[in-house]
Amino acid sequence: MRRFDLRSLRFHGAGEVRRTLPVEVAPFVFGGLEYHVPGDVVDATLTAARVGDNLTLTLLVETAVTGPCQRCLADADVPVTARGLEYVRHGESEGDDEDEGYVTAHVVDLEAWTRDLVADALPSKLLCREECRGLCPFCGADLNADPDHTHEEA
Ligand SMILES: [Zn+2]
Ligand SMILES: [Zn+2]
């Protein structure tokens, strides 16, 4: 799913309801390389807390982003956990002018919200492992496989 209508929530007298929603997340492109979440779907947990006519929404996203390591191009699998908070008043996000928010006319733009949360939680470089040595800039040899690799004359 991409959007969720808050009017479909049934509180049944409770102050808070929680729903797990499969959200479609399109691939991310960084530096010409493509990164995916598994199956291009994230199970996001939406919690809505009711305070009078207002709602406080929390979106919890736990997934992984997979794609080529930005140093050595081997498979990288980076776990991502992110949480977003949104205040909704009369069916609209309570954002300031710069931050439009993700809720318009009682409908949550789950796709945009989830995508932004994942993107913001990613490290600046997506690596197969933090200490990845990358490729030799001269010949492209994998320096993880051959740490002593050198072009210097002995
Ligand atoms: Zn690597
Ligand atoms: Zn080399």
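In strand 10, Val-108 is the bridge partner of Val-103. The model is predicted. That pair belongs to a meeting of strand 9 and strand 10. Two bridges join these strands, and they run antiparallel. Strand 10 covers residues 107–109.

**The hairpins**

Further pairings involve strands 5, 6 and 7. Strand 5 spans residues 41–51, and strand 6 spans residues 54–68. Strand 7 takes in residues 75–89. Strand 6 runs antiparallel to strand 5, and strand 6 also runs antiparallel to strand 7. Strands of a sheet pair through backbone hydrogen bonds, either parallel or antiparallel.

The table sets out the bridges for each pair.

| Strand pair | Bridges | Direction |
|---|---|---|
| Strand 9 and strand 10 | two bridges | antiparallel |
| Strand 5 and strand 6 | eight bridges | antiparallel |
| Strand 6 and strand 7 | 15 bridges | antiparallel |

Single residues mark these pairings. Arg-50 stands opposite Leu-55 in strand 6. Leu-59 has Gly-84 in strand 7 as its bridge partner.

The turns can be described too. Two residues lie between the strands in the hairpin of strand 5 and strand 6. There, Gly-52 takes a positive phi near 60°. The hairpin of strand 6 and strand 7 has six residues between the strands. In that hairpin, Leu-73 takes a positive phi near 70°.

**The whole protein**

How many helices and strands does the protein have? There is one helix, and there are 10 strands. Along the sequence, the pattern reads β-β-β-β-β-β-β-β-β-β-α. The radius of gyration is 21 Å, well over the 15 Å that the globule rule gives for 154 residues, so the protein is more spread out than a compact globule. Along its principal axes, the C-alpha trace spans about 75 × 30 × 20 Å.

Buried residues make up 18% of the 154 residues. Among contacts with a separation of 6 or more, 57% come from residues 24 or more positions apart.

Methods
Residues numbered from 1 in each chain as written. Chains lettered and ligands numbered in written order. Predicted model: local features only at pLDDT ≥ 70, side-chain atom pairs only at ≥ 80, totals over all residues. Pairing = 2+ DSSP bridges. Helix = DSSP H or I, 4+ residues; strand = E, 2+ residues; numbered from the N terminus. Rg over C-alpha atoms; globule rule 2.2 N^0.38 Å. Buried ≥ 20, exposed ≤ 12 C-beta atoms within 10 Å, placed from the backbone. Contact = placed C-beta atoms within 7 Å.
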